[in-house]
Number of protein chains: 2
Amino acid sequence: MLFKNISILDENFEIKEDMYVGIKGNKINYVSSEAPILSFGDLYDGKNKLLMPGFYNAHGHSPMSLMRGYSENLSLQNWLTKKIFPFEEKLYRKAVYWATQLTMAESMRYGIVSTTDMYYFIDDMVRAIVKSGEKCNISRALVNPSGANPDGLECVKEMKETALTYHGFKNDKILVDNSIHAEYTSDERTVRYIAEYTKEMGLGMHVHVSETELETEECKQRHGGKTPIEYFAEVGLFDTRTTAAHCIWINDNDRDILKEKNVNVASNPISNLKLASGICNVPKLYEKGINVAIGTDSVASNNNLDFFEEIKTFALLGKIKNNDPSLMTPKQVLHSATRSGALSQGREDCGLIKEGFKADMIVVDLNVPNMQPIHNTINNLVYSASGKDVCLTMVDGRVLYKDGEYLTIDVESVMYETNYAKNKILGMF
Amino acid sequence: MLFKNISILDENFEIKEDMYVGIKGNKINYVSSEAPILSFGDLYDGKNKLLMPGFYNAHGHSPMSLMRGYSENLSLQNWLTKKIFPFEEKLYRKAVYWATQLTMAESMRYGIVSTTDMYYFIDDMVRAIVKSGEKCNISRALVNPSGANPDGLECVKEMKETALTYHGFKNDKILVDNSIHAEYTSDERTVRYIAEYTKEMGLGMHVHVSETELETEECKQRHGGKTPIEYFAEVGLFDTRTTAAHCIWINDNDRDILKEKNVNVASNPISNLKLASGICNVPKLYEKGINVAIGTDSVASNNNLDFFEEIKTFALLGKIKNNDPSLMTPKQVLHSATRSGALSQGREDCGLIKEGFKADMIVVDLNVPNMQPIHNTINNLVYSASGKDVCLTMVDGRVLYKDGEYLTIDVESVMYETNYAKNKILGMF
């Protein structure tokens with residue numbers, strides 16, 4: 001496939017107009033202002049359109065699309081204990097399969113090419129994700145509140161099986177991270193056990209960190225004044241590539257540790273507002289040189305996967321948190337949404353429009369009233385674009401979504417089946 | 001026109017399914033679960049769709065679409081003095097005409113049916129708005145920093161002419177409000193003069209109030225400790241139907257005054273984040289029973305008119321401002337976006353799906369991945385919808401936008417002409 005006559009967001013996050021971008025197999029093979037001599041098959045006329053890297057959603061729980069809009073206006077504690085946990089107790093495999101497909105459909109609609117995911121029913125999730133053609137860093141969420149010997153735990157067995165079965169699956173489309181759900185849901189022995197096992201296996205780590213003030217304060221009480229980040233660093237959880245989701249209630253020393261340990265932060269601005277958890281101070285993370293990626297969290301607390309909406313909110317919150325409109329440049333923000341996300345997933349050859357990189361890309365329509373006039377395309381991308389201006393999503397060189405058509409997913413069936421599963425779980429028949 | 005088999009957001013902001021809604025002329029003539037006996041002409045099949053009141057954008061500056069994305073990451077003061085004011089000095093009539101059409105195209109695309117607007121070049125704005133078929137409460141922004149006698153001012157003359165020429169124009173599609181730009185841009189004599197004249201003429205008032213902390217503090221210094229709201233109340237500016245935009249830096253006494261004087265607040269959440277002005281405490285306004293409407297402000301500080309994005313941000317900020325996720329119910333928020341906005345514009349017969357009301361309505365597509373499954377349609381409207389899920393916009397019974405087609409505006413020409421005007425102003429040829 002050859003994109004011609006198209007603007008691109010290049011590897012330096014600058015706009016180049018009238019470019020040619022050629023795809024061979026799953027990679028970007030050609031990027032130039034000159035027409036290629038070789039043939040690349042299908043031609044895509046990119047007039048009034050922009051080609052940019054797809055979005056790497058750095059934190060999600062895909063099957064929770066089943067709970068979109070299920071409950072509003074509750075505190076985090078009530079939301080979890082009165083609504084989410086009782087619903088989750090009734091989950092079943094097919095429900096997870098269809099809900100994950102729904103999430104993948106929404107993801108490709110909004111330009112997301114890969115998701116760092118944490119949940120369970122991993123086999124069914126992987127089946128749905130592979131069918132969609134999307135990428136995923138999947139992790140089996142591990143909780144051990146009782147402090148039982150981790151060796152005997154079913155979820156630990158599942159976690160290990162997940163790694164052995166799926167890590168590198170489908171030409172690295174599926175990568176496996178391990179996961180401790182959070183500090184407050186497992187005891188120290190379990191965290192140390194998993195940290196050790198993860199290093200041994202050479203896998204990545206995915207963990208919720210300092211999402212709420214309460215969590216952070218209770219951690220200090222439990223662990224001799226140590227914050228979640230201090231505690232996790234000490235027990236060795238950060239000794240491997242790690243995605244730390246949220247990182248709202250953190251201090252300067254925590255930021256120093258994140259930098260020193262090369263921890264990737266996944267900020268989830270909309271979910272954090274919706275549950276009133278707080279606002280992550282992203283400019284302070286940027287200042288330290290920490291890799292900050294962007295996540296949607298699940299649609300149960302968002303409640304969509306519109307990544308352009310997420311990007312914009314991410315940019316706006318960095319400003320208001322510091323009462324300074326000069327913070328969060330559009331380039332920084334676009335880097336976080338793309339390249340930083342890919343790096344957080346250990347996908348070194350993803351997230352840039354660059355020869356030799358994986359062809360994970362999206363096309364954005366600029367020829368719509370909300371994107372005109374054009375003083376500066378990058379500014380318009382961050383602040384004016386709608387998620388629905390994405391008109392093509394490509395993963396590993398394969399077009400998954402184009403102009404209203406979902407090429408790998410039967411969306412009508414998926415919506416029907418997800419509603420059916422939701423009704424069944426709620427006991428409506 | 002008859003909508004059949006459609007879900008509606010009814011006059012109590014509840015969802016009713018499988019309804020019939022009939023339009024005669026510019027009004028809603030029939031709302032029922034039973035098919036009408038009378039014929040209503042064209043049939044619209046509303047399967048998997050929702051009919052709701054259109055959005056009343058309570059604060060905007062339409063011609064500023066010319067400056068979309070023109071400058072980012074500046075403080076309000078630098079943004080205004082280094083970028084916006086010098087650009088505005090070079091505005092000309094045709095530029096305003098095309099830019100206003102662009103804004104109207106974007107408005108109808110996003111379900112906005114009416115805008116409370118404050119700017120100048122009023123004749124050209126009105127011409128563009130009337131062509132589009134949208135509604136507008138227009139006001140000629142008045143500034144008099146030098147404190148000259150208002151009787152001799154050109155902008156005062158223009159303001160008076162605007163009222164005489166356009167108030168009630170096109171069967172009340174165009175209403176005229178008067179406007180003092182803000183406390184800091186006119187002296188007290190001018191404010192009193194305009195307040196008096198506005199009451200005499202029986203017009204409404206549109207004013208920026210307490211957008212920034214600096215503005216509020218400087219007002220106190222200038223006016224013996226009085227806040228902008230105390231000052232405006234004292235000089236009589238609130239003795240008529242008033243839209244006070246922003247109201248961020250206000251106190252309990254200010255809120256008492258807003259309630260006592262029945263002032264309508266137009267909150268502009270995204271613009272307020274983008275310029276790092278602050279967060280309006282909407283739950284406290286709701287608590288007092290103040291009518292709170294929602295505005296986009298101009299796209300120079302937003303940078304789009306996606307009203308579903310605005311609604312969601314409005315809801316989220318009310319929660320985070322008070323660290324309480326239980327605040328801002330979806331019903332309150334939808335009321336603010338529709339009926340409250342209509343009331344703020346003095347459009348008593350607008351903003352509800354109700355027999356006898358003006359047919360200002362939109363259709364939202366529910367049959368998309370981001371709106372499924374459906375636990376609760378109202379929750380999905382506030383948190384999951386994209387502005388681009390609007391598939392039909394009707395004003396006064398006339399369809400302006402439907403399924404990608406702009407029926408009153410030649411969008412391609414408008415985008416071309418607006419870019420041309422922008423380039424001309426920037427001296428690019």
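Which residue of S7(A) does A:Asn57 stand opposite? In this predicted model, the residue opposite A:Asn57 is A:Thr115.

**View 1. The parallel sheet of chain A.** Eight strands of chain A build an open sheet with parallel pairing. Read across the sheet, the strand order is S6-S7-S8-S9-S10-S11-S12-S13. Strand S6 (55–60) and strand S13 (292–294) of chain A lie at the edges, each pairing on one side only. On average, and with direction ignored, neighbouring strands of this sheet are turned by 25° against each other.

View 2. S6(A) runs parallel to strand S7 (residues 112–119) of chain A, and four bridges join the two. Within this part of the sheet, A:Asn57 and A:Thr115 stand opposite each other. Helix H12 (residues 307–321) of chain A packs on the sheet. The strands of chain A that H12 touches are S6, S7, S12 (264–267) and S13. The direction of H12 makes about 140° with that of S13(A).

**View 3. The hairpin of S1 and S2 in chain A.** Strand S1 (residues 2–9) and strand S2 (residues 15–24) of chain A are paired antiparallel through five bridges. A:Leu9 has A:Ile15 of S2(A) as its bridge partner. Five residues lie between the strands of this hairpin, where A:Phe13 adopts a positive phi near 60°.

**View 4. The hairpin of S2 and S3 in chain A.** S2(A) also pairs with strand S3 (residues 27–32) of chain A, in the antiparallel sense and over five bridges. The hairpin formed by S2(A) and S3(A) has two residues between its strands. In the turn, A:Gly25 has a positive phi of about 60°.

**View 5. The contact between chain A and chain B.** Chain A contributes 52 residues to the contact, and chain B contributes 52 residues. On the side of chain B that touches chain A, at least two residues come from each of helix H2 (93–109), helix H10 (269–274), helix H12 (307–321), helix H14 (377–383) and helix H15 (411–425) of chain B. H15(B) gives the most to this side, with five residues. By class, the side of chain B that touches chain A comprises 22 nonpolar, 19 polar and 11 charged residues.

How values were computed. Residues numbered from 1 in each chain as written. Chains lettered and ligands numbered in written order. Predicted model: local features only at pLDDT ≥ 70, side-chain atom pairs only at ≥ 80, totals over all residues. Pairing = 2+ DSSP bridges. Axes fitted to C-alpha atoms, helices over the stretch in contact; angles between N-to-C directions. Contact = placed C-beta atoms within 7 Å. Nonpolar A, V, L, I, M, F, W, Y, C, P; charged D, E, K, R; others polar.
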